[in-house]
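Please walk me through this structure. Start with one residue, then widen the view step by step.

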Amino acid sequence: MKPDSVTAHVEAALHAANLRQKAIANNMANLGTPGYRRQDVRFESLLEQALASGGTDPRDIEPEVFQPMETPVNGKGNDVDVEYEVGQMLKNVGRYKTLLRVMAKKYQMMHQAMDTR
Amino acid sequence: MSIPRVGSPIDIAVSGLRANSARMNVISSNIANSSTTRTPNGDPYRRKDLVLSTNPGQVAGVQIGETVEDMATEFPKLYEPGHPDADANGYVQMPNVQLPVEMINLVEASRAYQANAAVMRRFSELSDTTLELLK
C-alpha cells in the first residue's frame with residue numbers, strides 16, 4: 001500500500017475521528033466534574049504541518065488528545081457545555097460517515113477493476 | 001465563548017441552543033424570585049433580562065450578552081401591614097415580576113430551543129442524504 005494512497009489518508013483520518021469521539025464522550029461524562037476542562041484531538045493541524053514539510057505517510061501522524069483551554073469555566077471550574085459537545089459530536093459523526101463512504105467507494109472501484117468478466 | 005468554525009449550520013444552531021438555554025436561566029431566576037421582597041441592597045428583587053446580540057452582515061449565530069435589570073417597570077405595592085418588610089403605611093414593595101409575562105417568555109425560549117435542535121437534526125439528515133449519493 002502506497003504511503004500517500006486514498007486508503008492511507010482515510011485510515012489516518014478515521015483513527016483521529018475515532019479518538020475525537022472518545023474525547024467528546026469523555027467531556028459529556030464529566031459534565032459535572034469540578035475543575036474538568038474539555039478535551040479535543042489535535043490531528044488536522046499536525047497533518048497540515050506534515051504535508052507542508054514534504055509529504056509523509058499520514059498514518060505516521062499520531063493524533064493527540066489535548067485540552068484547548070479556550071472555553072470559559074463556570075463556578076465549579078468546569079467548562080463543558082452540553083450543547084457545544086452535541087454540536088461537536090454531530091460534526092465528528094458527519095466526518096466519520098464521510099470517510100467510511102470514501103473507503104467503501106474505493107473498495108468498490110477496486111472490485112470493479114478486479115472483476116474483468 | 002468564540003465559536004471556532006463560522007458558517008457551519010451546526011455551530012450556528014449550537015449558539016442558538018446556548019442563547020435560549022441562557023434565557024431560560026434568567027427567566028427561571030425571575031420566576032423563583034417573584035416574591036423576594038428583600039435583597040442585599042434593600043430593594044425587592046428586580047426582574048432581569050438577557051441581552052442577545054449578533055454581528056450584522058455575517059452569518060455567525062447569536063452571542064450571549066450581559067444580564068441587565070429591568071429598570072423601566074416600577075415595583076408594585078401590596079397592602080399587607082403584617083408583612084416583615086411593610087413600610088410605615090403597611091405597604092410592601094414587591095418584585096416587578098409578572099408571572100404571565102415570564103411564562104410566555106419561557107414558552108418562547110423553549111420553542112426557540114426546540115427549533116434550533118430541529119435545525120441540527122435536519123442538517124444531519126441532509127448530510128446523510130448527500131452521502132447516499134456515494135453509495
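A:Met69 is exposed, with 9 other C-beta atoms within 10 Å. The terms work as follows: a residue is buried if 20 or more other C-beta atoms lie within 10 Å of its own, exposed if 12 or fewer, and partly exposed in between, with C-beta atoms placed from the backbone. A:Met69 sits in the loop between strand E2 (64-66) and helix H3 (82-114) of chain A. Helices (H or I, at least four residues) and strands (E, at least two) are DSSP runs, numbered from the N terminus. The phi angle of A:Met69 is near 55°, a positive value in a residue other than glycine.

This is a predicted model, in which local features need pLDDT of at least 70, side-chain atom pairs count only at pLDDT 80 or more, and totals for chains, interfaces and linings use all residues. Residues are numbered from 1 along each chain as its sequence is written, while chains are lettered from A and ligands numbered from 1 in the order in which they are written. The model scores ipTM 0.81 and pTM 0.84.

Now take chain A as a whole. Chain A has 3 helices and 2 strands. Along the sequence they follow the pattern α-β-α-β-α. The radius of gyration of chain A is 18 Å, well over the 13 Å that the globule rule gives for 117 residues, so chain A is more spread out than a compact globule. That radius is taken over C-alpha atoms, and the globule rule is 2.2 Å times the number of residues to the power 0.38. Along its principal axes, the C-alpha trace of chain A spans about 65 × 30 × 15 Å. Of the 117 residues, 21% count as buried. Two residues are in contact if their C-beta atoms, placed from the backbone, lie within 7 Å. Among contacts in chain A with a separation of 6 or more, 70% are between residues 24 or more positions apart.

What makes up the largest nonpolar core? Its 9 residues are A:Val10, A:Ala12, A:Ala13, A:Ala16, A:Ala17, A:Leu19, A:Val41, A:Phe43 and A:Ile61. Helix H1 (residues 6-29) of chain A gives the most to this core, with 6 residues. A nonpolar core is a set of buried Ala, Val, Leu, Ile, Met, Phe, Trp, Tyr and Cys residues joined through C-beta atoms within 7 Å. Look at A:Ile61. Leaving out residues up to four places away in sequence, A:Ile61 touches A:Ala12, A:Phe43, A:Leu46, A:Leu47 and A:Ala50. A second, separate core has 8 residues, including A:Leu90, B:Ile10, B:Ile12 and B:Met120.

Next comes chain B. Chain B has 2 helices and 4 strands. From the N terminus on, its elements run α-β-β-β-β-α. A compact globule of 135 residues would have a radius of gyration near 14 Å, but chain B has 21 Å. The C-alpha atoms of chain B fill a box of roughly 80 × 25 × 20 Å, taken along the principal axes. Of its 135 residues, 16% count as buried. For contacts in chain B with a separation of 6 or more, residues 24 or more positions apart account for 55%.

One strand residue gives a local view. B:Val92 lies in strand E4 (residues 91-93) of chain B. With 19 C-beta neighbours inside 10 Å, B:Val92 counts as partly exposed. B:Val92 touches B:Thr37, B:Lys77, B:Leu78, B:Glu80, B:His83, B:Asp85 and B:Ala86, not counting residues up to four places away in sequence.

Finally, see how the chains meet. Here 13 residues of chain B are in contact with 13 residues of chain A. On the chain B side, helix H1 (9-32) and helix H2 (99-132) each supply at least two residues. The largest share, 6 residues, comes from H1(B). In H2(B), the residues B:Ala109, B:Asn116 and B:Met120 are buried. The buried residues of H2(B) pack against H3 of chain A together with H1 of chain B.
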